[in-house]
Amino acid sequence: MSVGKRIFLKRDLPSQDLINEFKKIPAANIADVMERNCAMSPRIKLVSSPKKMVMAGPALTVKVRAGDNLALHAALNIAQEGDVIVVSNEGDNTRALMGEIMMAYLCYYKKIAGIILDGPIRDIAEIKTWDFPVFATGTTPGGPYKEGPGEVNVPIACGEVSVNPGDIIVADADGIIVIPKRDGDNILIEAKKVQANDAAKAQAAKTGSANRNWVAKLLDEKKFEFIDEVYK
């Protein structure tokens, strides 16, 4: 087995019922449950126009050589409906890893849930209008090489977060959360509680009835000083 040129065909996958439940919860609520320590770098942004507010699905991971999409093409061949393809790219921003043709194959034929690339794309004038979640670092007309090496369905780092094959990816306009598949059930329970609590907090904020006494208490604990003077 040649490390660097491996394509694993199988993954341990979370249940579809679990995935469907996460589609109802904003990424920010999940991040709060996970100690705000699971979000990908904001350099990876939503660049299309999906109608559904939240994307969720199991990760199909791809590790490419910087600016080379041969392994990504291999992932296109084995992707299943509902997958989220997650692509590491060694921090490269000089070459687009894919464009309209590859995206169309994934969106219309493969029917994956979405794609996340730690790198740029091209054909943005077309793709930005699609009802298909595409997350990328930006755009460039410069195209990729197809030489390899690369790997599929191995552990990767994308947006400074570890992603394993089959992990649950949740993403919305705020960004992308990675949920380790073994923790999905527990995180869902807690995220639902946070979501309900946030709805109540938002309503209290609108009416001015929110209890903000905690601010003064915390400032005092942190030894902030209030000075009733003009700074000179």
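**Entry 1: setting the terms**

I call a residue buried under 20% relative accessible area, exposed over 50%, and partly exposed in between. With that in hand I looked up E190, which has a relative accessible area of 35% and is therefore partly exposed. I keep in mind that this is a predicted model.

**Entry 2: E190 and its partner**

I asked which residue E190 forms a salt bridge with. The partner is K193, and the closest N and O atoms are 3.4 Å apart. I then checked where the two sit: both E190 and K193 lie in helix α6 (residues 184–207), 3 residues apart, about one turn of the helix.

Side chains of opposite charge can pair when their charged atoms come close. I wanted to know how many salt bridges the whole structure holds, and the search came back with 9.

I picked out R11 and D83, whose side chains meet in a salt bridge at 2.9 Å, N to O. This pair links distant parts of the chain, 72 residues apart: R11 is in the segment before α1 (16–22), and D83 is in the loop between α3 and β3 (84–88). Are these two buried or exposed? R11 has 15% relative accessibility, so I count R11 as buried. D83 has 2%, so D83 goes down as buried too.

**Entry 3: K63 and E151**

Next I turned to K63 and E151, where the side chains form a salt bridge of 3.9 Å, N to O. Here, too, distant parts of the chain are linked: K63 belongs to strand β2 (residues 55–64) and E151 to strand β6 (residues 150–152), 88 residues apart. On accessibility, I noted K63 as partly exposed, with a relative accessible area of 34%, whereas E151 is buried, with 4%.

**Entry 4: helices α3 and α4**

Two packed helices are described by the angle between their axes and the distance between the axes. For helix α3 (residues 70–78) and helix α4 (residues 100–110), I found that the axes come within 11 Å and cross at roughly 15°. Angles under 35 degrees count as roughly parallel, so I describe α3 and α4 as roughly parallel to each other. The crossing in which α3 passes α4 is left-handed.

Which residues meet there? From α3 I listed L72, H73, L76, N77 and I78, and from α4 M102, Y105, L106 and K110. I sorted the residues of this contact into 6 nonpolar, 2 polar and 1 charged.

Conventions. Residues are numbered from 1 along each chain as its sequence is written. This is a predicted model: local features need pLDDT of at least 70, side-chain atom pairs count only at pLDDT 80 or more; totals for chains, interfaces and linings use all residues. Side-chain values use heavy atoms; hydrogens and water are left out. Axes are lines fitted to C-alpha atoms, for helices over the stretch in contact, and angles run from 0 to 180 degrees between N-to-C directions. Helices (H or I, at least four residues) and strands (E, at least two) are DSSP runs, numbered from the N terminus. Angles under 35 degrees count as roughly parallel, over 145 as roughly antiparallel, 65 to 115 as roughly perpendicular and the rest as oblique. A crossing is left-handed if the near helix is turned anticlockwise from the far one by less than a right angle, and right-handed if clockwise. Contact means heavy atoms within 4.5 Å. Ala, Val, Leu, Ile, Met, Phe, Trp, Tyr, Cys and Pro count as nonpolar, Asp, Glu, Lys and Arg as charged, and the others, Gly among them, as polar. A salt bridge is a side-chain nitrogen of Lys or Arg within 4 Å of a carboxyl oxygen of Asp or Glu. Buried means under 20% relative accessible area, exposed over 50%, partly exposed in between (1.4 Å probe, protein chains only).
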